[in-house]
Amino acid sequence: MPRGEIDEAWIEEAVRRYRRIEALQAEFDQAVSTVEVTVRSPDGLVEVAVTADGRITDVRFLGPLHQRHHRDVAASVRAAVAAAADAAQWAREKLHNETFAAYRPLAGA
């Protein structure tokens, strides 16, 4: 194609791909707010459910607390919350990879 001419087929493909990326992004945004992961503290006392966007949706104590020292319970909660943050990041990355797996950059087309 001579320099200065517009490649309309390339532009149409770019617009089509842009719209597809927008749709995939909307799908991803919806998924990260609904996909939930559950983790436990290393001692098994605390269970935390978190969405892929990092929102904690539930905290459960899986054993009796009356015989545990408050510092031990607090440590279990902190450990479970830290694990939940890691799990949320893992879930986001997994969703991103699944959502955009078929996408290939336009430059290589």
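Analyst: For the charge count, Lys and Arg are taken as positive and Asp and Glu as negative. On that basis the protein has 14 positive and 17 negative charges, with mean positions 5 Å apart. The model is a predicted one.

First, its setting. The protein has 2 helices and 3 strands. Their order from the N terminus is α-β-β-β-α. The C-alpha trace spans about 80 × 20 × 20 Å along its principal axes. Of the 109 residues, 24% count as buried. Contacts between residues 24 or more positions apart make up 49% of those with a separation of 6 or more.

Now the residue. Asp43 sits in the loop that links strand E1 (36–40) to strand E2 (46–51). Its relative accessible area is 42%, so Asp43 counts as partly exposed; the class lies between the 20% limit for buried and the 50% limit for exposed.

Two polar contacts involve its side chain. One, at 2.5 Å, goes to the side chain of Ser41. Another, at 2.4 Å, goes to the side chain of Ser76.

Beyond its neighbours within four places in sequence, Asp43 is in contact with Arg68 and Ser76. Val77 is 34 residues from Asp43 along the chain, and the two C-alpha atoms are separated by 10 Å.

How values were computed. Residues numbered from 1 in each chain as written. Predicted model: local features only at pLDDT ≥ 70, side-chain atom pairs only at ≥ 80, totals over all residues. Heavy atoms only, no water. Helix = DSSP H or I, 4+ residues; strand = E, 2+ residues; numbered from the N terminus. Buried < 20%, exposed > 50% of the residue type's maximum accessible area, 1.4 Å probe, protein only. Contact = heavy atoms within 4.5 Å. Charge placed at Lys NZ, Arg CZ, Asp CG, Glu CD. Polar contact = N/O pair within 3.5 Å; in protein donor to acceptor, adjacent residues only side chain to side chain.
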